[in-house]
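Reader: I have a structure open and would like to learn how to read it. Can we go through it one feature at a time?
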Amino acid sequence: MKTCSFITLLSLLSLFSCDQASDSPDTIQDFWESHIPFELDYSTSLGLVRSNRFPETAEARGESDLIEASGIVISIENEGFLWTHEDKGNQNEIYLLNIQTGETAAKFKLDGVFNRDWEDIEIGPGPEEGANYIYLGEVGDNDRVYRDYKIYRFKEPTFVNGTSEYTISRDEIETITFQYPGNTKHDVETLLLDPWTKDLFLVTKRDFHSIIYVLPYPQNTNEQIEAVKVGEFPFTRAVGGNISLDGNEMLIKTYDFILHWTRTGDENMVDMFTKTPQIAPYNPTEPQGEAICFDAEKSYYTLSEFSNAIVPILYFYHRLEE
């Protein structure tokens, strides 16, 4: 089983390399500069087709000792674990959770970085070819008061069994600082990385319709940049999301339902965003579920914050054979 997963990850990394080469950074920038934002019209969750790719009920993997887990993403370098973090005012640390038990195996402190409001986390390719990067989104803004927002990017660290505490030095962490057009303020809890282009997408939470923005690759880490509006979903309260490691599928969740999109190899992110999604299972629903991610086989996990005296549980929805 471990050998199979390792081969899968190697195949995905090869796919990243091929797809990244298909579009130059200049081509990507030109695409977004000429992009006209879209608006969509479909009813959620009533009226959408239910996905048949996952079981209707999740498997409980175990309780988590984290109080305010706000994002999760599968680890590539550390098989059998996923990454998570807590949100506003908590420690400036990311955590490795055991995917079989939900237990915290290790914590990694980000030296010199303050957790103003970390809301989501992604993983995938970055500036150095062949390396895997973590993208940590300081993008929350409940009261819409911050003058700018940040995404911290650093190479995925590795875990050594028997060592539970690590420090990531400040010089290993790049900072992508950005604003929204017109210096508007948004509360965001969904960060997405397109592994084919390395573009970063943000989906707002509190707007009447969740708005999609993009930070096209290559993201400048020396000066502030401005996000580009991509479009608007016909729903609101997006609280978490993830794009699969192979780039072919996407999940976005609200507190009430999970939406699932797919795309083919000749379709870009706009093509996928503008498709009508299917409803993926969310059973049991969680007291304050804000975290979701695929694994390498495109099964998925969810994790809630502690709420209403309910201890968070790591839930797993395995991929059904097609």
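Reader: Is threonine 302 buried or exposed?
Author: Buried means under 20% relative accessible area, exposed over 50%, and partly exposed in between (1.4 Å probe, protein chains only). Threonine 302 has a relative accessible area of 0%, so this residue is buried. This is a predicted model: local features need pLDDT of at least 70, side-chain atom pairs count only at pLDDT 80 or more, and totals for chains, interfaces and linings use all residues. Residues are numbered from 1 along each chain as its sequence is written, and side-chain values use heavy atoms, with hydrogens and water left out.

Reader: Where does threonine 302 lie?
Author: Strands (E, at least two residues) are DSSP runs, numbered from the N terminus. Threonine 302 sits in strand S22, residues 300-304.

Reader: Which side chain does threonine 302 join through a polar contact?
Author: A polar contact is a pair of N or O atoms within 3.5 Å; within protein, one must be able to donate a hydrogen and the other to accept it, and residues adjacent in sequence count only if both atoms are side-chain atoms. Here the partner is the side chain of glutamate 286, at 3.0 Å. Contact in general means heavy atoms within 4.5 Å. Leaving aside neighbours within four places in sequence, threonine 302 is in contact with residues including Ile72, Tyr282 and Tyr317.

Reader: Is aspartate 120 buried or exposed?
Author: Aspartate 120 is at 1% relative accessibility, so it counts as buried. Its place is strand S7. The side chain of aspartate 120 reaches the backbone nitrogen of leucine 191 at 2.9 Å.

Reader: What about arginine 50: buried, partly exposed or exposed?
Author: Arginine 50 counts as partly exposed because its relative accessibility is 46%. The loop between strand S1 (38-39) and strand S2 (59-63) holds arginine 50. Its side chain makes a polar contact with the side chain of glutamate 56, at 3.1 Å.

Reader: How many cavities of 30 Å³ or more does a search of the whole structure find?
Author: On a 1 Å grid over the protein atoms alone, a cavity is a set of points where a 1.4 Å probe fits but cannot get out; lining residues have an atom within 4 Å of a point. The search finds 1. Among the 10 residues that line the largest cavity, the closest to its centre are Ile123, Leu193, Pro195, Ile243 and Ser244. The volume of the largest cavity is about 40 Å³.

Reader: Which strand gives the most to the lining of the largest cavity?
Author: Strand S7 (residues 120-124) does, with 3 residues.

Terms used:
On a 1 Å grid over the protein atoms alone, a cavity is a set of points where a 1.4 Å probe fits but cannot get out, and a pocket is an open set with protein on both sides within 12 Å along at least five of seven lines; lining residues have an atom within 4 Å of a point. Grid points are joined across faces, edges and corners, and a volume is the space filled by probe spheres set on the points. Helices (H or I, at least four residues) and strands (E, at least two) are DSSP runs, numbered from the N terminus.
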